Amino acid sequence: MWQILLANNAEKIYNICMEYIVKSLQETQELAKKLAKILNGDEIILISGDLGAGKTTFTKALAEGLEVTDLVTSPTFAFMREYSGRCKLSHYDMYRVEDEDELFELGLSDNLYEAGVCVIEWNKFTEFPDEKCIIRIEITKLGESERNFDISTSTECDCLEKLSI
Ligand SMILES: Nc1ncnc2c1ncn2[C@@H]1O[C@H](COP(=O)(O)OP(=O)(O)OP(=O)(O)O)[C@@H](O)[C@H]1O
Ligand SMILES: [Mg+2]
């Protein structure tokens, strides 16, 4: 069951927050696909959680929901991989990245400024384009296959309202 929490003194950009508890891998995949369906294609999704929480697993299902047909693999060593679906998907894993300058120098930050959805695990970027919707997803491992999803969005993003319907 979705729970909408409206934080009364939230920072300017993160004002809507939802919590969702899933009991299984399949429920995580369903949640990711549901989110994928309502994305406009101009979102940056910052996905956090401990090692093994399910960030890549969630992203794979999100990619499926975005109609990506290529195999999605963890970009840990490549830092970023891009895919074509109903919109472009750029999947970052910044776990092994020192800081954002490393990706600027490699030209891998350009995708943030282009059309498409970016999903970033272990984010180290400090700035994002104003016109992009920012969605923060924090996954907490509650058990072997139980996870808590805490999702918040920037004010101009209406996808959580759509997700709750
Ligand atoms: N409900 C669930 N949601 C997500 N993953 C689950 C769930 N239940 C079990 N799992 C398992 O947990 C593991 C999550 O691994 P995954 O690589 O997605 O984690 P990660 O957060 O990306 O880790 P890392 O920080 O190392 O990149 C997978 O083996 C997945 O099958
Ligand atoms: Mg991962």
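Guide: The largest share of the shell around ligand 1, three residues, comes from α2, a helix in the sense of a DSSP run of H or I over at least four residues, strands being E runs of at least two, each numbered from the N terminus. This is a predicted model, in which local features need pLDDT of at least 70 and side-chain atom pairs count only at pLDDT 80 or more, while totals for chains, interfaces and linings use all residues. Residues are numbered from 1 along each chain as written, and chains are lettered from A and ligands numbered from 1 in written order.

Of the 16 residues around ligand 1 (C-beta, placed from the backbone, within 6 Å), Thr-28, Gly-54, Lys-55, Thr-56 and Thr-57 come nearest, and α1 as well as α2 supplies at least two residues of that shell.

Helix α2 spans residues 55-65, and because eight of its eleven residues are buried (20 or more other C-beta atoms within 10 Å; exposed is 12 or fewer, partly exposed in between), the rest of the structure largely encloses it. The buried residues are Lys-55, Phe-58, Thr-59, Lys-60, Ala-61, Leu-62, Ala-63 and Gly-65, and what covers them includes α1 (25-38), β3 (43-48) and β7 (133-141).

The axes of α1 and α2, lines fitted to C-alpha atoms over the stretch in contact with angles running from 0 to 180 degrees between N-to-C directions, come within 7 Å and cross at roughly 45°. Just after α2, Glu-67 takes a positive phi of about 70°.

Conventions. Contact = placed C-beta atoms within 7 Å.
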